[in-house]
Amino acid sequence: MEAAEIRRAVELEDRHWWYRERRAILARELRRIGRPGRALDVGAAGGGNTRVFQRYGWHALAADQSDTAVAYARERGLDAIKADLRALPLGDAEYDLVTALDVLEHIDDDHAAAAEIARVLKPGGTAFIAVPCDMRLWSAHDVALGHHRRYTREGLAEVIRSSGLVIERLWSWNVLLRPVAAFRRRNATGCDLEELPALVNLALTAVVAAERYLPLSWLPGVSLMARARRRL
């Protein structure tokens, strides 16, 4: 991501419905895992998700290839390093959990990135991955954010499995708001994540949060999420 987009994300992420619900999903995954350990947040931007690890007692490291992102994360008191996900400057089998939330789509060689995630995971460790889905939603929004692709379920599964990781769950997210996203993307001229009126933000928060309780994860959404594990 360009420095301007990282700054935009940092300014929005504490309030914007999209970031808030994604952090809520990450928190649920951490509660499912239970006992805290060592976590690596790759493509961490300003460290909004890394702070979730800290709240749950994890020892977390933020990694991003942008100097701007690393600086923001360190300003927030986070441990952060500059790193290319295709060649992480970290040892083998060091982490219990690696997150790559909206990262793989930015990398030309996503297979190499997935292999690095698997390499730094401990045996039995978990990878939590999120990507934008469906090239039919491709727009100026993707161009502005530096995306190389949007994924199908089969495409994401192939990348994850090529690294040797075993997929435990793969599901759609942001299903209910897909028609809204599709309409906005047809008319997009750039990134569509922006400050919203409080009532609009509250309404969208309620809609996307409703997906926690509805059997929608198999339907087309705006994003795909996957939980995978390194074999023991």
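## Aromatic rings in this model

W171 has a relative accessibility of 6%, so W171 counts as buried (buried is under 20% relative accessible area, exposed over 50%, partly exposed in between, with a 1.4 Å probe and protein chains only). Before going on, note that this is a predicted model, where local features need pLDDT of at least 70, side-chain atom pairs count only at pLDDT 80 or more, and totals for chains, interfaces and linings use all residues. Residues are numbered from 1 along each chain as its sequence is written, and side-chain values use heavy atoms, leaving out hydrogens and water.

So which residues are buried? Here are some of them:

| Residue | Relative accessibility |
|---|---|
| W18 | 12% |
| Y19 | 9% |
| F128 | 2% |

Searching the whole structure turns up four aromatic pairs. Rings of Phe, Tyr and Trp (its six-membered ring) pair if their centres lie within 6.5 Å; planes under 30 degrees apart are stacked, over 60 edge-to-face, and the rest tilted. One of the pairs is W18 with Y19: the centres are 5.0 Å apart and the planes at 90°, so this pair is edge-to-face. F128 and W171 are stacked instead, at 6.1 Å centre to centre with 15° between the planes. Because F128 is in strand β5 (residues 121–132) and W171 in strand β6 (residues 166–173), their pair ties together parts 43 residues apart in sequence. Strands are DSSP runs of E, at least two residues, numbered from the N terminus. Ring pairs also join W18, Y19 and W173 into a cluster.

R169 lies over the face of W171, 4.0 Å from the ring centre, and the charged end of R38 sits over the ring of Y95, 4.7 Å from its centre. "Over" here means NZ of Lys or CZ of Arg within 6 Å of the ring centre and within 35 degrees of the ring normal.

Notes:
Helix = DSSP H or I, 4+ residues; strand = E, 2+ residues; numbered from the N terminus.
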